[in-house]
Amino acid sequence: MTDQRTYENILVDVRENVCTIAFNRPEARNAVTNALLVELEEALLAAKADPEVKALVLTGAGRGFCAGADLKAIQAPEGAERNVVDDLVPVNNGQRLTKLMLNMEKPIVGAVNGAAAGAGFSMALACDLIVASKSAFFVQTFATVVGVLPDCGSLHFLTQLLGTYRAKQLMFLGERVPAEKACELGFVNEVVEDDALQARAFEIAARLAKSPTVAIRFIKQLVNRAASLNLEESFQLEAFAQAICFATDDFREGTSSFVEKRAPQFKGR
């Protein structure tokens with residue numbers, strides 16, 4: 001059952017077992033509002049519950065992926081006192097959204113077009129794979145533009161990915177990282193021509209949708225937890241997950257197709 005709801009701030013399309021979700025505020029370079037975060041969470045939960053959806057693509061409508069928080073939406077009127085409880089609502093929503101993406105059993109392919117700035121950078125990093133257009137770039141605008149610290153996971157992700165000093169460099173200085181450089185640094189998987197981005201991201205997601213999804217689910221879970229596990233804990237979880245995979249129809253199909261020298265036809269069970 002596909003998501004039939006109508007959204008104001010995102011676009012949702014489901015075909016070939018792939019759910020594509022696009023930020024849809026192109027007039028604001030897909031800047032994030034609390035309403036957008038709420039809709040995105042709803043769409044992700046719908047995709048998570050939909051048995052027809054095996055993989056997802058997250059992208060942006062128009063010329064940019066996501067320009068970060070919509071500063072006009074969060075700016076307090078001149079002279080007004082800020083309410084910390086209200087201020088933290090979008091922060092908490094963004095953190096919950098990041099955790100949802102990380103914990104979702106289905107793989108998410110980020111298709112980054114144009115700017116992935118601030119919270120947009122964070123949400124890209126919450127994807128499992130990232131394909132970027134040649135014109136795409138990534139930038140930590142939190143401190144250098146609005147005087148706050150990175151949120152929605154960037155502090156954690158970038159430190160894990162790049163190490164302490166390079167992470168601080170990006171967050172302290174707000175330097176733009178072009179797509180090709182991001183690929184060299186290791187947080188972008190592939191860079192393609194601008195007009196090939198959406199097709200390539202969908203191609204990867206469709207391939208994942210036809211993969212043995214139980215194995216893919218466990219790979220995602222264990223890789224995401226790897227930094228917090230010691231080797232013995234990792235071995236224990238690996239053995240537990242492997243036992244479940246051995247009991248699947250996909251394992252039987254995989255071994256049979258290998259012996260019979262034919263392409264496997266996985267069913268995701």
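Colleague: Let's start with Ser-133: where is its place in this model?

Modeller: Ser-133 sits in strand β6, which covers residues 129-133. Do keep in mind that this is a predicted model.

Colleague: What makes Ser-133 count as buried?

Modeller: Its relative accessibility is 2%, and buried means under 20%, so Ser-133 counts as buried.

Colleague: Which residues does Ser-133 touch, if those up to four places away in sequence are not counted?

Modeller: Ser-133 touches Val-112, Asn-113, Gly-114, Ala-179, Val-191, Val-192, Asp-194 and Leu-197.

Colleague: Now for the loop between β1 and β2, where Asn-17 is found. Why is Asn-17 called partly exposed?

Modeller: Partly exposed is the class between buried, under 20%, and exposed, over 50%. Asn-17 has a relative accessible area of 34%, so it is partly exposed.

Colleague: What is the phi of Glu-16, and what is that of Asn-17?

Modeller: Glu-16 is not a glycine, yet its phi is positive, at about 50°. For Asn-17, also a residue other than glycine, phi is positive and near 65°.

Colleague: What makes β2 and β3 a pair of strands, and how do they run?

Modeller: Pairing takes at least two bridges. Here 6 bridges join β2 to β3, and the strands run parallel. Within this pairing, Cys-19 stands opposite Leu-56 in β3.

Colleague: There is also an open sheet of 3 strands; what is its order?

Modeller: The order is β5-β7-β8, and the pairing is mixed.

Colleague: What makes β5 and β8 the edge strands?

Modeller: Each of them, β5 (115-117) and β8 (177-178), pairs on one side only. The partner of β5 is β7 (residues 137-139): 3 bridges join them in parallel, against the at least two that pairing needs. In β7, Phe-138 is the bridge partner of Ala-116.

Colleague: On to the helices. How do α6 and α7 pack?

Modeller: Helix α6 (residues 154-162) and helix α7 (residues 164-173) pack at an angle of about 135°, and their axes are 7 Å apart.

Colleague: Why is α6 called oblique to α7?

Modeller: Roughly antiparallel would need an angle over 145 degrees, and roughly perpendicular one of 65 to 115. The angle is about 135°, so α6 is oblique to α7. The crossing of α6 past α7 is right-handed.

Colleague: Which residues meet there?

Modeller: From α6 come Leu-155, Leu-158, Thr-159 and Leu-162, meeting Thr-164, Arg-166, Ala-167, Leu-170 and Met-171 of α7. These contact residues divide into 6 nonpolar, 2 polar and 1 charged.

Colleague: Last one: what makes Pro-212 partly exposed?

Modeller: Buried would need a value under 20%; Pro-212 has 22% relative accessibility, so it counts as partly exposed. Pro-212 lies in the loop between α9 (197-209) and α10 (213-225). Leaving aside neighbours within four places in sequence, Pro-212 is in contact with Asp-250 and Phe-266.

Notes: Residues numbered from 1 in each chain as written. Predicted model: local features only at pLDDT ≥ 70, side-chain atom pairs only at ≥ 80, totals over all residues. Heavy atoms only, no water. Axes fitted to C-alpha atoms, helices over the stretch in contact; angles between N-to-C directions. Helix = DSSP H or I, 4+ residues; strand = E, 2+ residues; numbered from the N terminus. Parallel < 35°, antiparallel > 145°, perpendicular 65-115°, else oblique. Left-handed = near helix turned anticlockwise from the far one by under 90°. Contact = heavy atoms within 4.5 Å. Nonpolar A, V, L, I, M, F, W, Y, C, P; charged D, E, K, R; others polar. Buried < 20%, exposed > 50% of the residue type's maximum accessible area, 1.4 Å probe, protein only.
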